[in-house]
Amino acid sequence: MSSDVVLDVQNAQVEFAGHGGSIRALDGVSLQVNKGETVAVVGESGCGKTTLARAVLGLQQLKGGSISLQGESVRGTTRRMAEKVGIVWQDPYASLNPRWTVGKSVLEPGVLTGQEKDAREIFTEVGLDPQMVTRYPHQLSGGQRQRVAIGRALLLKPPLVICDEPTAALDLSIRAQILNLLKNIQDEHDCSFLYISHDLTTVRFLADRVAVMYLGQIVEVGLVEQIFNDPRHPYTKALLDSAPTLDKLMHLPDAPPGEIPDPREKIVGCRFAGRCVNAQDRCRNEAPSFVTEGERSYQCFFPVRK
Ligand SMILES: Nc1ncnc2c1ncn2[C@@H]1O[C@H](COP(=O)(O)OP(=O)(O)O)[C@@H](O)[C@H]1O
Ligand SMILES: [Mg+2]
């Protein structure tokens, strides 16, 4: 493995016990994030994005496969994990302790790893008035709270920062500011980002590469311009056609009843076949494996061509 690989996910599998069977939230996900790179993970709600983030943080046990950070296997959470990966969740209010000053929250990764840091310095770095360190989360606006969460994720300058829908809970007017902050951080630090979002516009703005997820699998991964300008997987194409947000995905052709696979069942054939405009008999009977074309890979027998 090249030392440029910061995050290496190999065939990760996660199952949840559900009524009438287990749900395969990750069904063989492989993904690499290289040094200094931003890889976006996009896909509809429920496709497994947060589960992937939790697995990388060691919060979610794998049923199969492996995940390593800088060559070291992730097994459960340890204090040292705070040095390797920072996390920004969707809802900063939920991820900050309401009884702690935001200054104390921002320093938490340093306390966990025995490193002394200056909260005021990191506040300045994320565009907050350093005098705010003595405030409590409820005294800040949503955008300010997310800046605190970003500051905490960056405190130890970890090699990887995961952002799970970091702007989804914010007002539209604040989103652009937070995105610009993330962009500046990308430019200034050489940390890598795993950027999870269902908002394609922000993905295009921030990502170097994009992985498209559908029902627990990555169906296509490639450079941002390949994914946006010349997608191969019909699901990727459908996402782009429904842009700017995936909320409009409901406009996909309706699948006949029973044709969207139940994640509790072992899926035969391509999992997108029931909604796919290109689907043929083969797609319903045989699971496609990855086809690689240069920097891009996809799982499809009948890919889209320009
Ligand atoms: N703790 C859990 N227990 C049971 N099922 C879960 C749990 N967390 C997630 N799931 C299920 O796993 C699938 C993927 O969820 P998630 O990773 O949250 O998707 P996303 O972040 O893409 O919206 C969904 O079907 C979801 O209902
Ligand atoms: Mg999620």
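Student: Which element gives the largest share of the shell around ligand 1?

Tutor: Please keep in mind that this is a predicted model. Two elements, β2 (21–34) and α1 (49–56), each supply at least two residues of the shell around ligand 1. With three residues, the largest share of that shell comes from α1.

Student: How many residues of the shell around ligand 1 are charged?

Tutor: The residues that surround ligand 1 include F16, I23, E44, K49 and T50. Sorted by class, the shell has four nonpolar and five polar residues, and the number of charged residues is two.

Student: What share of the area that ligand 1 exposes when taken alone does the protein bury?

Tutor: Polar atoms of the protein come up to oxygen atoms of ligand 1 at several places: a backbone N or O atom of G46 lies 2.6 Å away from one, a polar backbone atom of G48 is 3.1 Å from one, and a polar side-chain atom of T51 lies 2.5 Å from one. Taken alone, ligand 1 exposes 560 Å², and the share of this that the protein buries is 59%.

Student: Turning to the largest pocket, how many of its lining residues are nonpolar?

Tutor: The largest pocket holds about 480 Å³ of space. Of the 18 residues that line this pocket, A82, V85, I87, P109 and L112 are the closest to its centre, and α2 (81–84), β6 (85–88), α4 (102–112) and α6 (142–154) are the elements that give two or more residues to the lining. By class, the lining has three charged and four polar residues, while the nonpolar ones number eleven.

Key:
Residues are numbered from 1 along each chain as its sequence is written. Chains are lettered from A and ligands numbered from 1 in the order in which they are written. This is a predicted model: local features need pLDDT of at least 70, side-chain atom pairs count only at pLDDT 80 or more; totals for chains, interfaces and linings use all residues. Side-chain values use heavy atoms; hydrogens and water are left out. A residue is near a molecule or strand if one of its heavy atoms lies within 4 Å of it. A polar contact is a pair of N or O atoms within 3.5 Å; within protein, one must be able to donate a hydrogen and the other to accept it, and residues adjacent in sequence count only if both atoms are side-chain atoms. Accessible areas come from the Shrake-Rupley method with a 1.4 Å probe; for residues, only the protein chains shown count as cover. Helices (H or I, at least four residues) and strands (E, at least two) are DSSP runs, numbered from the N terminus. Ala, Val, Leu, Ile, Met, Phe, Trp, Tyr, Cys and Pro count as nonpolar, Asp, Glu, Lys and Arg as charged, and the others, Gly among them, as polar. On a 1 Å grid over the protein atoms alone, a cavity is a set of points where a 1.4 Å probe fits but cannot get out, and a pocket is an open set with protein on both sides within 12 Å along at least five of seven lines; lining residues have an atom within 4 Å of a point. Grid points are joined across faces, edges and corners, and a volume is the space filled by probe spheres set on the points.
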